[in-house]
Every structure is written in C-alpha cells, then in structure tokens.
Amino acid sequence: MDDLLRIDDGLSEEQRLIRDTVKTFVADRILPHVGDWFEEAVFPARELGPVLGSLGVLGMHLEGYGCAGLDAVSYGVACRELEAGDSGLRSFVSVQGSLAMFPIWKYGSAEQKEAWLPRMAAGEAIGCFGLTEPDHGSDPANMRTHAKQDASGDWILNGAKMWITNGSIADVAVVWAQTEDGIRGFVVPTDTPGFSAPEIHKKMSLRASVTSSLYFDDVRLPASAVLPEVRGLKGPLSCLSEARFGILWGVVGAARACLESAVDYATTRVQFGKPIGGFQLTQEKLAWMYVGLGQSQLTALHLGRLKDAGTLTPQQVSFGKLANVRAALDIARRSRSILGGNGITLEYPVIRHMTNLESVLTYEGTEEIHLLTLGRALTGLDAFH
Ligand code: TGC
Ligand code: FAD
C-alpha cells in the first residue's frame, strides 16, 4: 500500500534495512502459519526464539551482552513489522527485550547480566515479567506478593501473579514483590522449587501468545537474586515505559495490515454490479483509516526521535500508547465491517488483529490509565486515587 505521507522516507538506510529484513521474516515465517497458531492457541516460542535472536530483535535497543545496541526508531520499526504479523509475536519480543532483559540490563548485578543477557539476546533463554496480580492490575503499588530475608540472608518469595506473557515457557521470571525496603525486583529461575506457572486457557484474544499465572510458594532465592540497583514502583514502571514505546509502534503495523486487507477486498468484492470500494460509504471508511494510520505513524516516529534524543517522558509515552492503540482498534473494526461475513474468519487477518488489539488496549496500562495520566499532566490533579 502506498505510504501517502512518505513517512518512511525519513528513515535512515540502516532503519530501512531493518524494516525490510523483519518484513521478509514475517512474510516467510509467520504469515503462512499464524492463522493456524491463533486457531490452535499455540506460539512456537522454542522454535522462533533462536530465529528472532539471530535476526537481532531480542533486546535490540540494549548495548553489550550480545544485544544489537540499535537506536529507538530501529526498535520501533522492528516492532511495527512484527505486529503487522501478529500482536502475539510483538508481545513475545517486547516482553523478552523490554520487560525481562531491560530490568536485568539496567538494574541487575554484573553476575545477573552475564548469566542471562547473552542467552536471552540469542533467544536460547526466554524471560517473563511478573507485575500484575489477580487483585492488583492497574494499581500495582498495592501488590501482595512479598519477599523476606531469613537469618541465612536468603529471600523467601510468596504470592501470585496473573496474566503473565511467556510465563509457562520462561526460563527466568523478573518478579516484583513487596519487601521491608519497598518494592524490589527478583531474578527467579523458573526451575526453582516452589515456582509454578500454569497457562491461562480460553482466551479469545492474543491466542498465538502464551499467557500464564505465576505462583510462588516459599520460593527460596539466594541474596544475590534481588536487582540491586532499584527500589520502589519506579523500577517496574520504567520497564513499562520501554515496552509501551514498542507497543505504540507495533500497533501501527497491525493497523496497516488491516487497512491493506480492506483495500484489497474493497477493490475486488463486487456488489450491486461494482466493487464495494466504488461506493462513497466504503471510501469514507477507507479514508478515515488512512488518516488514522498516517497520524499514528507520525506520532510513533516523533516519539522515537524524542527517545533517541534522550528526552522522552512517561506522559509522552502514554499519549502514544493511548492514541495509537485506539486508532489501530478503530481501523481494525472498520476493516472488519468492509470484509462483511468474510471479516469474521481466520482466512483474513482482520478479526485476528481486531481481537488481539482488545488485549493491547488493556495491557501495559489500560486506556483509562493513560487517559488519567494525560488528565493529570493537563490539570496537575490526580484522579487515579
Ligand atoms: P506514581 O506515584 O505515579 O509513581 C510511583 C513512582 O514511579 C515513578 N514513575 C515512573 N518512573 C519511570 N517510568 C514511568 N513510566 C513512571 N511512572 C511513574 C514516579 O515518578 C514515582 O517515583 P518516586 O521516586 O516519586 O517514587 O504511582 P501510582 O501508584 O500513583 O500509579 C500510577 C499509575 C496508575 C500510572 C501506575 O501504577 C500504572 O501505570 N498502572 C498501570 C499498570 C500497568 O501498566 N501494568 C502493566 C503490567 S505489564 C504488562 O501489561 C505487560 S503486557 C506485555 C506484552 O505481552 O506485550
Ligand atoms: P483492572 O485494573 O481491574 O481494571 C478493570 C477496569 O477498571 C479497566 O477498564 C480499568 O481501566 C478500570 N480502572 C481501574 N482503575 C481505574 C481508575 N482509577 N479510574 C478509572 N478506571 C479504572 N501483566 C504483567 O505483569 N506481565 C505481563 O506479561 C502481562 N501480560 C498480559 C497479557 C495479556 C494478554 C493480558 C490481557 C494482560 C497482561 N498483563 C500482564 C496484565 C495487564 O497489564 C493488566 O490486565 C492491566 O494492567 C489491567 O489490569 P486488570 O486486568 O487487573 O484490570
């Protein structure tokens, strides 16, 4: 589909190469299978992990330890092309790089970094991020999972997390827990006795993605398991800023895939003797979708440049997550209507993207949380509590 605003012309040669490489990978290795994975509710993480590792997209915006050390716009472009395949694929990459590797890289000890980052960058070890709990989602400050040091200095971790992407397939979990010293992060190998991670079934969204509960039943961890360099809620929230940045780019890919599908369909499906794309009502839908897509893409590129300049704020990330996910969901819903009855089958990508985007609207801060963040930025008044 034509890039009307020529937004990608502003990418560097290296960024365009990353775009084309990831796009080819998605076309060859993901699109032929993802409808079946979605239907069967599987994500072949062990098979895809090393391939994504050799593509260089796992922790690609981090320096050292086998990571690619690329700029933020490159990371964004990769997320966009991955999510044009499926939000579950981008989720896998976001969780691995931004939520599991990033806290180890930013706040971990030298030993934690050496032990995990090179294997995670290569896709040989899979990570997950445990913040949300059954009773504390939007309000993680009140989490109940807790860790206490015993006389030997070991940490004893107890509690439960819910809705954890990659939970049952992870080798390592970054788990946030209350301690006497406030909220701390723990690097938990998933084969530690007392750790279990049953998969959550019957999801109607993000089906090509593993989602799990985590249970900690007197999980004994060495003193060295804690992330030494951060205390308090700003630890997990800073990781969320990284991952939300990937999402605000990623959903542009899902939206583009939906619009492409709708244009294709509208120009070939004939009713009342002419292509449905020739009716003004269809063109109005397509035109609004094009506008939403262009605006989202511009927002993503602008925020990417701010991130590369080192000035991106959490409020700006909230703006992008809120605006771009809402735009993508609107585009997916309009596409679905243009496809008529065919819009509800997995023969076309649209219903898969549309239902995936319902999760994307909720995770990494619900739409309401980001609205309240912008409300607070505008008024100085806190309406969360
Ligand atoms: P508040 O008082 O606002 O902040 C507490 C401390 O954190 C600092 N802070 C940040 N620091 C870095 N980055 C950010 N984005 C930050 N936001 C806040 C803040 O400055 C403060 O620091 P300090 O030093 O003063 O203590 O905290 P609050 O309790 O009022 O909560 C604010 C709120 C509601 C915005 C926050 O709790 C929130 O974002 N809630 C939403 C929870 C959420 O997004 N969960 C996501 C779980 S992970 C997930 O969904 C993964 S999906 C993965 C996938 O498959 O892709
Ligand atoms: P709640 O917080 O109970 O919210 C329910 C409703 O109430 C929402 O509409 C919300 O916006 C609204 N609400 C809450 N507070 C307010 C308020 N103050 N004002 C107005 N409205 C409010 N979490 C992780 O830690 N790691 C993961 O890897 C992860 N992966 C996920 C994968 C999937 C597929 C899904 C669906 C979720 C995942 N999550 C993960 C959890 C996700 O971050 C939470 O679902 C999300 O933060 C919302 O929490 P909740 O579901 O408990 O909803």
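Select ligand 1 and the residues around it. In this predicted model, helices α5, α7 (234-268) and α11 each contribute at least two residues to the shell around ligand 1. The largest share comes from α7, which supplies six residues. To see the shell as a whole, display the 25 residues that surround ligand 1. The closest are S91, T165, K234, L237 and P314.

**Third stop: the whole chain**

Along the principal axes, the C-alpha trace spans about 80 × 45 × 40 Å. The radius of gyration is 21 Å, which agrees with the value near 21 Å for a compact globule of 385 residues. Of these 385 residues, 49% count as buried. Among contacts with a separation of 6 or more, 76% are made by residues 24 or more positions apart in the chain.

Colour the chain by domain: domain 1 covers 7-122, domain 2 covers 127-231 and domain 3 covers 235-379. Select domain 1 and domain 3, whose centres, taken over C-alpha atoms, are separated by 20 Å. Their contact takes 26 residues from domain 1 and 28 residues from domain 3.

Keep the view on the side of domain 1 that touches domain 3. Helices α2 (34-40), α4 (72-85) and α5 (87-107) each supply at least two of its residues. Which helix gives the largest share of this side? It is α4, with 10 residues. By class, this side of domain 1 holds 12 nonpolar, seven polar and seven charged residues.

**Fifth stop: two annotated regions**

Select residues 12-124, to which an unreviewed UniProt entry assigns the annotation "domain: Acyl-CoA dehydrogenase/oxidase N-terminal". Over this range the chain is 73% helix and 0% strand, and the end C-alpha atoms are 30 Å apart.

Then select residues 232-378, which the unreviewed UniProt entry annotates as "domain: Acyl-CoA dehydrogenase/oxidase C-terminal". Here the chain is 78% helix and 3% strand, with 25 Å between the end C-alpha atoms.

Within helix α9 (residues 314-338), select L322. Is L322 buried or exposed? L322 has 22 other C-beta atoms within 10 Å; a residue is buried if there are 20 or more, so L322 is buried. Display E367, H370, L371 and L374 as well, with which L322 is in contact when its neighbours within four places in sequence are left aside. L322 and L371 are 49 residues apart along the chain, yet 7.2 Å separates their C-alpha atoms.

**Last stop: two residues with positive phi**

Go to R6, in the segment before α1 (13-30). R6 is not a glycine, although its phi is positive, at about 55°. R6 has 8 C-beta neighbours inside 10 Å and therefore counts as exposed.

Finish at A41, in the loop between α2 and α3 (45-55). A41 also has a positive phi of about 55° without being a glycine. With 17 other C-beta atoms within 10 Å, A41 is partly exposed.

Terms used:
Residues numbered from 1 in each chain as written. Chains lettered and ligands numbered in written order. Predicted model: local features only at pLDDT ≥ 70, side-chain atom pairs only at ≥ 80, totals over all residues. Rg over C-alpha atoms; globule rule 2.2 N^0.38 Å. Buried ≥ 20, exposed ≤ 12 C-beta atoms within 10 Å, placed from the backbone. Contact = placed C-beta atoms within 7 Å. Domains from an automatic or database assignment. Helix = DSSP H or I, 4+ residues; strand = E, 2+ residues; numbered from the N terminus. Nonpolar A, V, L, I, M, F, W, Y, C, P; charged D, E, K, R; others polar. UniProt positions renumbered as here; feature names shortened; annotations may be inferred. Near = placed C-beta within 6 Å.
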